[in-house]
Every structure is written in structure tokens, then in C-alpha cells.
Amino acid sequence: MTPLLDLDNLSRTFGAHRALKGLTLRVPQGLVGLLGPNGAGKSTLLKILMGLIEPTSGTGRLLDVPLGGDRDTRDNWRLRRLIGFMPEADALVPGLKGIEYVALAGELYGMPRKQALRRAHEVLTYLDLDEARYRAVETYSAGMKQRAKLAQALVHDPAVLLLDEPTSGLDPSGRDKMLNLIRELGSLHGKSIIVSTHLLADVQAVCERVVIIAGGELRGVGTVDELCARRDDRFRVRVGGDKSHFEDALKAVGIEMILPTAATELRVVLPPGRTTLDLFRIAAGCGASIRAVLRDDVTLDELFRTATATGAA
Amino acid sequence: MTNPTDPLLRYRPWKGELNPPVYASLAMARSSLRLLFRRKVFWALYALALMIFFFFFYAQYLVVWIQQQAASQTVSVGAVPVRLSELTKFLDKLNLNGSPHTFGNFIWFEGHIVMIVLAFAGAVLVGNDFHHGSLPFYLSKPIGRRHYVLGKLLGIGAFINLMTTIPALALFLQAGLLYEWKSYYVDNFPVLLGILAYGLLLTVVLSLLMVATSVWVRRTVPLIMIWSGVFILGRTVANFLVEVQNFSPLWRLVDLWNDLYLIGLWFLQADFGSNNLGSNPEPWQAAIVVTVLCLACLLYLRKRIQAVEIVS
């Protein structure tokens, strides 16, 4: 199967600043989360993927279409027809009705006028905006605006969707709705989706794979399950009674503790040879009581912090 | 049981041939016109433009009718007998005789309405794309930046032509029917070309100027101030310098609307000796000013639109 992204030593410099430093990665089709702190090079990568800027060196392909070239060339227009882009900015055209906005997007992608209009009706119905289609887009709520932006990206039925902060500004129910839509488009309708976001929970909720970049370098790539490995030696321990004595007793027997979390909770790493039974024994010995022992796998959040702070994940 | 409308609610794939990017410019032009005609407040101005057209249309008919059928007759105004031909003297300044000046004057008057609408509509058509971040919506599509500018220019150009060139062509058609139509149309064929050229000139200059100023200031009030400065202050300053201070007529070149009018009359092959056009610069001098202005607008647009960040 053609990979979604195939980058080979892709770099981009702006004067003396190196925004991307030799990115090499191969990502299969599916739902991909693009993660990175501010200034990591995410936007530069998105611009290269859309054919808006050229890489300074290296090569790349998106669904087997080569990246690069000047931004207003036939090749780049071909590339952009493959992609439906949902920008982070409002990107609505005040004064136009929802149906006109989406149909205009279809025509901008090159669809014939009547087909663009018919398709706009279909997409708005699918995104649950059918009743608001004759309302001016500027009167939409935040959730409706996000869905209208998704509709304009979907109108020409692209193979790839590039979503820039798709849940930005949404309330919890709007966010769930949007994430469900993204999941459904990826899993049921075979769209490859690249979600660029700061919200790790969103990525964890919908993406199969994650690409982490920081400082223009690739810091991690793989499936969410691979990266967020199960840890059989780490536990969250909810403690009742004298917590400080319990902590001292754990330290005394060589059990390591990481990052304090809540007032009544400890995160512990058991050394080889120790089991969770030892925790109960130690607690009983120092007058504390254990109310729960929970698994403490590596979260995407933790992985992201580690990867962006130190190096490769 | 499955609801028969279920398939309509599901996502459906689409397959079809895609048009080249120039079709996107046409779509943008259509949506610009839609935005212009959707604003109810502009309809008062459109009505005024229509009134000017009807005034020229019926006045031209009246003048010809009086000249040809009732010029020697007299009517009583109060108790004073007045020749019918004298009654329409006040229309002489407008040259309502199917001559090049008829169409030049008509476009001159209609142009004022166009300018007012464009001053108000700049923010709606172009400024909002920058102000409300709509530009990434356009430029993330498979079109070049030149297609975006072309789309906006086409929309504004179509509006300008609807307000000036097309009614002027209707007046030309009417003028022919009022005289010996065959010989009128044959003899005045250059006038027809002149009307089209004048319309094209207004389209190019005003649409470029409007897009450039809208990209620059984006909001309605500053836009109105700039357009007032260009078209009203420019004329006031030119009149003051030439007529009060007796400076060279070349100073009239600062009046852009007058420059366009002079070039328009040149296209229409009008007689510059008539219609009090004596103290004006030559049309070629006006053409230089207008060309420089257009080039400046193009360079500015190129610079500003190249700098737009689609992914921020």
C-alpha cells in the first residue's frame, strides 16, 4: 500500500534558521497525529505538504505525489487537490451562506458548479449542518464554524485531510462530536487524516499513529500503542493515613517515586524482585493504608514531554 | 428497519473531472457579485444609478423628438411664449445627441455611484479576507495567488461594467434608433469601440485601485476616507491650483477621475475643443498617470499577497 508520507532527509531553512532538520520518516495511510511544541516545525511541514513552500533539501512524497516545486505550479495544484485543508483560523467568508461557502470551496478545488453545489448539500447534511445551510456563516456557533470548515475541506472528497487544531475553541460536547467525525472519516470512509494539534488527548482519542517533532527534528514516530508502552513496574498508589511516613519507608527499601501527583496518591517504580504485595507490607508497617493500586502506563503526555525535552523517543 | 433516507445522511464519495484554476476565479467573481447585491443598503445607490440611466435615456429621446418634430413650435410658460427647442437648452451641456460626449458624460455621472458603492464595498469584498482570516480559505486551494487577485478583479470589474458600460451600450443602441439607424451605427462604430474601451479602462483602474486600497486598510471607514481623498480632495486641490492659483493645467492630473474621463473621451474620439475641455492636460499625460498608478497597485498587491501565511 502506498505510504501516506514518505520523507527522506527533508530540510527547510529560513535564512540562518533551520526549521526542519533532515526529517526522514515513512508513515502508512490512516489517522496520524502531528505533535510538537510551538516552533517545532509543524507549520513548516504542513506548508511543504500542501506545496506552499519548497523544501531546501531532501525529497518527499504524499500518497506518491512528489512534494516540492514552486508554490504556484501545476504539480502543486495536483498535490493540493489530494488534500482537504481545515485551517486553524476562522477562514469563513462573511456574508456567504453555509451552502454557498462550501460550494465555493468546491469550485475553488475545480469542481463544476452544479456538482459543487450538490456535493455541498451532501457534505453539510453529513456534518449535521443541513438545517443551518441557508444561514450566513458568521452567525454560526463555534462548533458549527468548525464543522463548516471541515465541510469545505471535504467537499471534493480528498484522499487526505489536513486538520489544523480541529477542536480549537470547542466545548466538551462539540469536541467529542468533532473527534467522532474525524474517527469515522478515517475508519469508515478510508480517509487519511493528519491532525496537527497541541491537545494530546485529541490525538490519543482518534489517531492510530503519532509523529512528534521538536526543534525541527523527528523525536518520535509510531503507533500510539507502541509509543505509550505498558509498564509492569509502575503503579499509582492511593494512600490513606500517614503518607509521609509511607514515602520515607518506600525510599528506605529502594523503591523509586516519580512526580508527585495528588495529595493522597504516589507514583512508584518497583525495582526487579519487588511486587505490589511489598507495598501493602510496608504500608502496614508504618501505619498507612493503601486504598488502591492502579497501573501507571506511559501516557502520550509523558511521552511528549520526554521526547520534546530530551531527544528521540 | 432501515430508514430510506439513511443513505442520504451518510458520507458519499465523489468522483469527477476537475476544472483548471481559472474557473476558480470565475467562481470568486460570482461570489463577489453576490456579496455586493446582497447588501440592502447599496440598493439605494443602485436605484440612483438607474435613475441617471433613465434620465439620459428619456432626455435623449425628448431632445431628438423636439429637434425633429416640434422645434419650431411654441408653448406658453406662464403667459410667455417659448419655443420648444429653448425648453431643453439646459440639457445642452450633456450633449444628448448620440455624440461621443453623450456617452462620456453618462459614464462620468454613473461613475460617481460606482465609486461610492466601491468605497463602501471594499471591506466586504476584499478587506474581510484579510481582517477575518478568509484568505487561507482561498489560498489553500489548488489555485495560484494570481487567480485570487484575478477573481476579485473580475467580480469588481463585472460590477463596474454593469453600472457603466452596459447602460452606455443601451444608450448607444437607443441613439441609433432615434436617427437613421444604419448610417448612425456605421458612422459611429468607433464610438461603440470607445465605449467598450472606456469601460475596460474603468474596470482595470478602479478594480485594481479598490483591491489594493482594501488590502491596505481593510475596514470600511478608512476606505471611504481614502476614496474621498483620491476622488474628491484630488479634484478640489486640482481646481484650486489651476483655477485660483493659475498653476499649469498639468496640476489637473492629480484629479484621477478627470484623468479617466480624459482618456475615456480620447477613446470615444470626442472633440476636445468643445465641452469646456480647454484647460486640461493631454490625454496621453493622463494615461501616464493612470498607468503608473496601476503599476503601483499591482506591485503592492504582489508584495502583500505573497506575504500571506496560510498555515500560521
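Helix H2(B) passes helix H7(B) in a right-handed crossing, where right-handed means that the near helix is turned clockwise from the far one by less than a right angle, and left-handed anticlockwise. Helices (H or I, at least four residues) and strands (E, at least two) are DSSP runs numbered from the N terminus. The model is predicted: local features need pLDDT of at least 70, side-chain atom pairs count only at pLDDT 80 or more, and totals for chains, interfaces and linings use all residues. Residues are numbered from 1 along each chain as its sequence is written, and chains are lettered from A and ligands numbered from 1 in the order in which they are written.

The axes of H2(B) and H7(B) (residues 145-163) come within 7 Å and cross at roughly 45 degrees; axes are lines fitted to C-alpha atoms, for helices over the stretch in contact, with angles from 0 to 180 degrees between N-to-C directions. H2(B) is therefore oblique to H7(B), the class left after roughly parallel (under 35 degrees), roughly antiparallel (over 145) and roughly perpendicular (65 to 115). Among the residues of H2(B) that meet H7(B) are Leu26(B), Ala29(B) and Leu33(B), and those on H7(B) include Leu150(B), Gly151(B) and Phe159(B). Contact here requires C-beta atoms, placed from the backbone, within 7 Å.

The table gives the composition of both contacts by class.

| Contact | Nonpolar | Polar | Charged |
|---|---|---|---|
| H2(B) with H7(B) | 12 residues | 5 residues | 1 residue |

Nonpolar covers Ala, Val, Leu, Ile, Met, Phe, Trp, Tyr, Cys and Pro; charged covers Asp, Glu, Lys and Arg; the others, Gly among them, are polar.

Chain B as a whole has 13 helices and 2 strands, and its C-alpha trace spans about 90 × 60 × 40 Å along the principal axes. Of its 312 residues, 39% count as buried (20 or more other C-beta atoms within 10 Å of the residue's own).

In chain A, strand S6 (residues 83-86) is covered on both faces, with Ile83(A) and Phe85(A) buried on one side and Gly84(A) and Met86(A) buried on the other. S6(A) pairs with S7(A) (residues 160-164) in the parallel sense over 4 bridges, pairing requiring at least two DSSP bridges. Met86(A) stands opposite Leu163(A) in S7(A).

Methods:
A residue is buried if 20 or more other C-beta atoms lie within 10 Å of its own, exposed if 12 or fewer, and partly exposed in between; C-beta atoms are placed from the backbone. Two residues are in contact if their C-beta atoms, placed from the backbone, lie within 7 Å.
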